[in-house]
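The sequence and the coordinates are shown first, and a description follows.

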Amino acid sequence: MQSYAIKSIFVANDFYVREFKFRITKEQNMFLRKIATTIAISLISTSVWASCAFENDTEIKLLSNSYDAWKAVTSAMEECGNVTTVLDIDFKDKINEAFAANPSLYQIGGISNGTMVPLLNAGSIRPLDDLVAKYGSHLNPSQLIKIDGKIMAIAMSVNNQHLMYREDVLSEFRIAVPTTHAEMVAAAAIIAKYDVVDYPIGGTYKAGWNLGEEFVNNYLGNGGEFFGEGNAPSINNATGIATLNTMKDLTAYMDPEYLVGDSTYVQQQFQQGKIAMATLWGTRAAAMDNAEESQVVGKVIMASAPMGTTRPASTNWWDGVVFATNMTDEQADAAFRVAMEGLDTEMVQANNDTGVWLVEGFVAGSAAAGAIATANNGAAPYPSSLPGMGAMHTALGNGIAAFLTGDKDAATALADIEAAYTISATESGLM
Amino acid sequence: MNQKTFLAFIGPSVLMMVLFIALPLATVLKQSFYVTQPVYQTLEVETCSPTFTGQVCLKEIKTIPIIGDNGKVITQTNFVGFVNYQNVIEFPRAIAAFANKSWSQFMAIDFWKALRFTLSFTLITLPLVLLFGLLIALCINNAAKSIRGPVIFISLLPMIITPVIGALSIRWLFIGDGILTSFLEWWLVRDIAMFAQAWTIELMMMMYRVWHVAPFAAIVFYAGLQTVNQDTVESAIIDGASRWQKLRYVILPHLMPLIVFVTLIHLMDSYRVFEEVVGFSSQAHVISLQWLTYDFLTSDLMGNRSIGRASASSMLTMIGIVLLLIPVLRGVWLDYKGKRL
């Protein structure tokens with residue numbers, strides 16, 4: 001905001017100087033410049049006051065995932081001054097150790113329901129009840145993550161993976177919006193006959209976490225259970241095999257390099273008009289209409305994630321902020337106030353479509369339609385409360401590729417994943 | 001030099017080597033025989049979290065680590081013998097695969113899959129590095145004096161690039177519709193996906209490694225070429241030796257110690273192949289032993305990591321390097337003894 005204001009003042013000043021060059025003296029010109037500078041400075045300070053309610057003088061550092069919603073929140077926090085933010089898609093590999101350090105390397109962590117668990121288990125995030133009482137009276141009750149009655153995190157938005165499709169492509173071939181993966185494959189078969197997009201389907205199938213997440217979505221969508229008695233694995237069954245086969249059917253219409261495609265890569269392929277349908281995170285929806293980087297503005301519609309046999313093949317997540325145990329109370333005070341500035345109504349109004357915000361002032365628009373439809377169809381929350389889920393997710397992420405490349409059949413792949421999980425779970429003492 | 005002076009000279013470096021090489025190795029060796037686990041408790045926990053339709057509170061039975069008075073998770077460390085090694089090597093599965101005479105079953109085991117790639121990567125790139133290194137060195141040596149400086153500079157450039165950055169650049173040249181893939185597609189008039197199957201990825205990895213290491217070999221060989229006895233070369237020419245014979249019978253024997261040196265360094269380096277796997281994010285198709293160690297060390301979503309298996313895997317990597325070096329070192333030793341006699 002303020003930078004536009006300053007720019008326009010200087011442009012106006014330049015214009016004035018050029019047009020009236022011969023009529024005003026040098027002294028008069030200097031005088032005008034001074035006025036312009038004064039106005040600009042006063043504008044900067046007032047707009048800082050407008051966007052951040054206090055001037056922060058404590059050094060605050062934040063580590064979070066990297067996508068548009070976090071960019072919006074963290075840049076709002078930075079306006080308070082002395083705030084350094086690190087946005088990193090691999091933040092989950094760093095955050096546990098960074099927060100375990102004493103003093104913690106970051107004061108604020110941007111996490112999700114999945115990534116909060118290890119921090120909570122290690123005791124490296126602090127209860128927030130007193131800070132919420134002091135500075136958080138405006139928070140929505142649903143934003144308060146409570147564990148055994150103690151507030152441990154402040155949620156900002158909810159997120160899930162849902163179907164995004166090119167409305168122009170589907171209507172050109174008179175294809176109805178797919179509601180199951182079988183319909184998605186059928187639609188892809190039609191689209192593939194014509195040269196409208198490079199690949200009909202896109203998928204975040206990068207081996208590792210992303211591929212594991214895709215299996216979790218589809219397996220839960222088919223009503224599968226990950227564990228039996230005593231954290232023993234239970235994925236090598238008919239549901240697991242059906243899930244794998246569905247995934248393989250989809251890959252037939254994907255970019256052959258699907259095993260290296262993460263969310264950002266698929267988002268970019270979508271923006272460049274290379275794919276027609278993809279199940280992608282809700283937080284990626286607004287990017288489709290970002291004219292600066294998208295060639296498909298206005299052409300992408302968000303719908304519910306395709307249904308599995310029992311519920312949508314998707315999981316519900318929430319994103320939010322946590323605060324390190326290992327910092328002084330003064331730092332915690334400042335960090336919390338900074339975070340509240342990042343999560344205020346003003347930020348939400350400026351970035352309404354960037355996420356499905358839980359903050360007061362959010363109006364659900366077309367970008368949120370898919371995520372909300374998926375939730376309404378009954379998507380399950382990501383099962384992060386299951387103690388073996390971490391080891392299972394890793395084993396799935398490492399093991400599924402061998403089935404998709406044809407090196408193993410479905411039952412062997414699942415048996416090997418169970419074996420890998422069993423080794424990890426035994427090692428960490430869960431079995 | 002008396003013994004005291006000798007000790008004073010080598011003392012600091014011996015101390016450094018003990019501190020930074022021997023001690024870490026000893027701790028890794030020790031850790032490979034132990035497993036550390038958190039101590040768990042089972043509790044009923046009420047969790048309130050947001051959903052799309054408002055807050056939901058759930059009471060669940062959870063297995064969570066106990067946090068001690070010092071604010072850290074209480075852990076217990078147990079001696080487990082060779083269990084970590086067994087879990088890495090997975091002998092029973094390997095033997096079962098042998099019994100079935102099934103190569104694909106054998107390759108389904110991470111360790112053996114990684115070993116297969118690591119070994120073939122090392123053994124295929126080695127002769128290529130030596131060959132290209134020698135060619136570049138000969139080119140530099142035969143270049144006119146006036147342009148020799150710039151030629152050396154340009155041929156050294158690949159070595160200057162940080163390995164991970166180099167691997168990422170190759171990735172961006174070839175991934176999706178990268179410039180080189182687009183060029184190949186235009187040239188061969190067909191759709192090409194370099195990252196869709198293992199063999200193309202392996203090919204790119206080997207090309208990249210040879211491109212990256214050959215300049216090192218070249219500069220070592222070039223230094224060697226400066227000390228070739230010119231009298232011997234002249235006599236060979238007078239005796240009617242061809243260019244090839246000159247190279248085969250005069251220059252190569254002279255460079256032999258340097259070739260052995262480059263071989264040793266390259267075996268050690270390329271057995272630890274890692275940057276290529278990470279840079280190309282190739283773990284779906286190709287993994288290496290060093291990557292396997294890294295994967296054990298990466299924490300899962302619950303924050304658990306397999307320090308024990310990672311230690312075992314790095315000990316195995318070290319043993320592998322030693323085994324590879326033995327034939328080369330034995331050759332050097334025999335040569336040395338022969339010369340003394």
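Two strands are said to pair if DSSP finds at least two bridges between them. Helices (H or I, at least four residues) and strands (E, at least two) are DSSP runs, numbered from the N terminus. The model is a predicted one, in which local features need pLDDT of at least 70 and side-chain atom pairs count only at pLDDT 80 or more, while totals for chains, interfaces and linings use all residues. Residues are numbered from 1 along each chain as its sequence is written, and chains are lettered from A and ligands numbered from 1 in the order in which they are written.

**Where the chains meet**

Strand β4 (residues 144-147) of chain A pairs with strand β2 (residues 40-51) of chain B in the antiparallel sense, over two bridges. A:Ile147 stands opposite B:Thr47 in β2(B). Two residues are in contact if their C-beta atoms, placed from the backbone, lie within 7 Å. Across the two chains, 52 residues of chain A are in contact with 43 residues of chain B. On the side of chain A that touches chain B, 24 residues are nonpolar, 19 polar and nine charged. In this division Ala, Val, Leu, Ile, Met, Phe, Trp, Tyr, Cys and Pro count as nonpolar, Asp, Glu, Lys and Arg as charged, and the others, Gly among them, as polar.

**Strands of chain A**

A residue is buried if 20 or more other C-beta atoms lie within 10 Å of its own, exposed if 12 or fewer, and partly exposed in between, with C-beta atoms placed from the backbone. In strand β3 (residues 108-112) of chain A, five of the five residues are buried, so the strand is largely enclosed by the rest of the structure. Both of its faces are covered, with A:Ile108, A:Gly110 and A:Ser112 buried on one side and A:Gly109 and A:Ile111 buried on the other. Strand β6 (residues 161-166) of chain A is likewise mostly covered, since six of its six residues are buried.

| Strands | Sense | Bridges |
|---|---|---|
| β1 (residues 60-64) and β3(A) | parallel | two bridges |
| β3(A) and β10 (residues 315-323) | antiparallel | five bridges |
| β6(A) and β8 (residues 275-281) | antiparallel | five bridges |
| β6(A) and β9 (residues 300-303) | antiparallel | four bridges |

Individual residues show these pairings. A:Leu62 stands opposite A:Ile108 in β3(A), and the bridge partner of A:Ile108 in β10(A) is A:Phe323.

**Nonpolar cores**

A nonpolar core is a set of buried Ala, Val, Leu, Ile, Met, Phe, Trp, Tyr and Cys residues joined through C-beta atoms within 7 Å. The largest has 165 residues, and those with the most contacts inside it are A:Met164, A:Ile201, A:Met277 and A:Ala339. This core draws at least three residues from each of domain 2 (60-158 + 317-368) and domain 3 (161-313 + 387-427) of chain A, where the domain bounds come from an automatic or database domain assignment. Apart from this core lies another, of 16 residues, including B:Val129, B:Ala217, B:Phe221 and B:Ile251.

**Chain B**

Chain B has 14 helices and four strands. Its radius of gyration is 27 Å, well over the 20 Å that the globule rule gives for 341 residues, so the chain is more spread out than a compact globule. The radius is taken over C-alpha atoms, and the rule is 2.2 Å times the number of residues to the power 0.38. Along its principal axes the C-alpha trace of chain B spans about 95 × 70 × 50 Å, and buried residues make up 30% of the 341 residues.

Helix α9 (residues 198-225) of chain B holds B:Pro215, and B:Ala217 lies in helix α9 as well. B:Pro215 is buried, with 23 other C-beta atoms within 10 Å, and B:Ala217 counts as buried with 28 C-beta neighbours inside 10 Å. Not counting residues up to four places away in sequence, B:Ala217 touches B:Val129, B:Leu130, B:Gly133 and B:Val262.

Other helices of chain B are open. Of the nine residues of helix α3 (residues 91-99), the number buried is zero, so this helix lies largely in the open. Just after α10(B), B:Gly240 takes a positive phi of about 90 degrees.
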